[in-house]
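Subject: Handing over a structure

Dear colleague,

I am passing the structure below on to you, together with some notes on what was found in it. Please look through the sequence and the model first, and then read on.

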Amino acid sequence: MPQIGRLLQSFAFIFCGILSILVSVADARGSDPADDGTYDFDTPYHCCGTVILPDKAISRKDGYLLTVHGVLLGITLMLLGLALLLRGYHETDAGINSRFIAGFITMALVSWVILTNFEPARTYGTYRWTIYLVVCFVIGAIGGLIISCTFHLFLMVLSALGALAFGLWLLGWKNGLLISTSWGRALFLALLVLAGLCVTPVLWFAPALGAAFAGAYVFMLGLDIFVHTGFTYGPMCTLDANPNHPCDYYLTWQVYLMLAFTLVLSFIGMFDQLLRRPHLVRNQHAMYYSYSKGILPPMWGRPI
């Protein structure tokens, strides 16, 4: 399949580029500490297997520091978010691009949740951020390639991702999250994801809504890595139940602004798909869910 070949080639180039950056970071010297053990925060310095970068845009002063790993993660999240948000600009009728993106985000998220929840008290060592980044990237890419080989599964994944993002967004509208118990949050998110999966064969616009909201949410998560308003603490406190990772989520006007812009961006994505290219969304749904003809398309393979 030529599409899979191009995806593999792109993945190889990107992976080698990220790996070379991380190796150079691990070998970097950075600035030396002063006599009292402190660092000059106006210049990059090497610490804990990464390079700390100066960032004047940080709004929440709680000890957060921008790293090279954070920059790579933030840029990746913003690009993935834009790709989902503006799916109508680059998507084909067969949904080739959305398949890989949906699978990548899903499996990268699953691998992050597993890594962070099972991280021991002694952490993963000096290069824990490299482990997080490389493992999530590799597992995400594998998931993207798997979904790229499926027929209609990516539409269900897009709807489920949107439902999950919407649930995380709703939970973030209260100090300490809207639902206080961890089991209550897990049940709430599970029901939303299940609903997203179930409505996809029935509602032709469900994948478009899901892609728009998931793209907006992922983009704002990437942006918050650079400005650090505390917006990212919402999903972190929700999905990370590790007792060794204390998390405090509270609302400020900056977090309110991030939540509001998430909604605004999602409306832009909905406009792009449902009003500018509605035929794309309808054709994809009709192609993959041909219930009117009494035919359920197979999960694997592509339309001819």
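Leu 177 is placed in the loop between α6 and α7 (182-199), where helices (H or I, at least four residues) and strands (E, at least two) are DSSP runs numbered from the N terminus. Although Leu 177 is not a glycine, its phi is positive, at about 80°. With a relative accessible area of 4%, Leu 177 is buried, a word used for values under 20%, while exposed stands for over 50% and partly exposed for what lies in between (1.4 Å probe, protein chains only).

Before going on, please keep in mind that this is a predicted model, in which local features need pLDDT of at least 70 and side-chain atom pairs count only at pLDDT 80 or more, whereas totals for chains, interfaces and linings use all residues. Residues are numbered from 1 along each chain as its sequence is written, and side-chain values use heavy atoms, with hydrogens and water left out.

A positive phi is also found at His 228, a residue other than glycine, where the value is near 50°. His 228 belongs to the loop between α8 and α9 (233-239), and with a relative accessible area of 1% His 228 is buried. Ala 241, in the loop between α9 and α10 (253-276), counts as exposed at 61% relative accessibility. Ala 241 and Ser 182 are 59 residues apart in sequence, and their C-alpha atoms are 7.8 Å apart in space.

**The chain as a whole**

The chain has 11 helices and three strands, and from the N terminus on the elements run α-β-β-β-α-α-α-α-α-α-α-α-α-α. Of the 304 residues in the chain, 45% are buried.

An unreviewed UniProt entry lists "transmembrane region" for several stretches, including residues 183-205 and 212-233; such annotations may be inferred rather than shown by experiment, feature names are shortened, and the positions are given in the numbering used here. In the model, residues 183-205 are 74% helix and 0% strand, with the end C-alpha atoms 31 Å apart. Residues 212-233 are 77% helix and 0% strand, with 22 Å between the end C-alpha atoms.

**Aromatic residues**

A pair of aromatic rings is described by the distance of the centres and the angle of the planes. Rings of Phe, Tyr and Trp (its six-membered ring) pair if their centres lie within 6.5 Å, and planes under 30 degrees apart count as stacked, over 60 as edge-to-face and the rest as tilted. A search of the whole structure finds 11 aromatic pairs. One of them is the edge-to-face pair of Phe 166 and Phe 213, with 5.4 Å from centre to centre and 80° between the planes. Phe 166 lies in helix α6 (residues 153-171) and Phe 213 in helix α8 (residues 206-227), so the pair ties together parts that are 47 residues apart in sequence. Phe 166 is partly exposed at 33% relative accessibility, whereas Phe 213 is buried at 5%.

The rings of Trp 169 and Trp 173 also form an edge-to-face pair, because their centres are 5.5 Å apart and their planes stand at 85°. Trp 169 counts as buried at 9% relative accessibility, while Trp 173 counts as partly exposed at 34%. Phe 166, Trp 169, Trp 173, Phe 213 and Tyr 256 form one aromatic cluster.

**Arg 128 and its partners**

The count comes to one salt bridge, by the rule that a side-chain nitrogen of Lys or Arg lies within 4 Å of a carboxyl oxygen of Asp or Glu. Arg 128 forms a salt bridge with Glu 119, and the closest N and O atoms are 2.8 Å apart. Arg 128 is buried, with a relative accessible area of 17%, and Glu 119 is buried as well, with 2%. Arg 128 also lies over the face of Trp 129, at 4.2 Å from the ring centre; for this, NZ of Lys or CZ of Arg must be within 6 Å of the ring centre and within 35 degrees of the ring normal.

With regards
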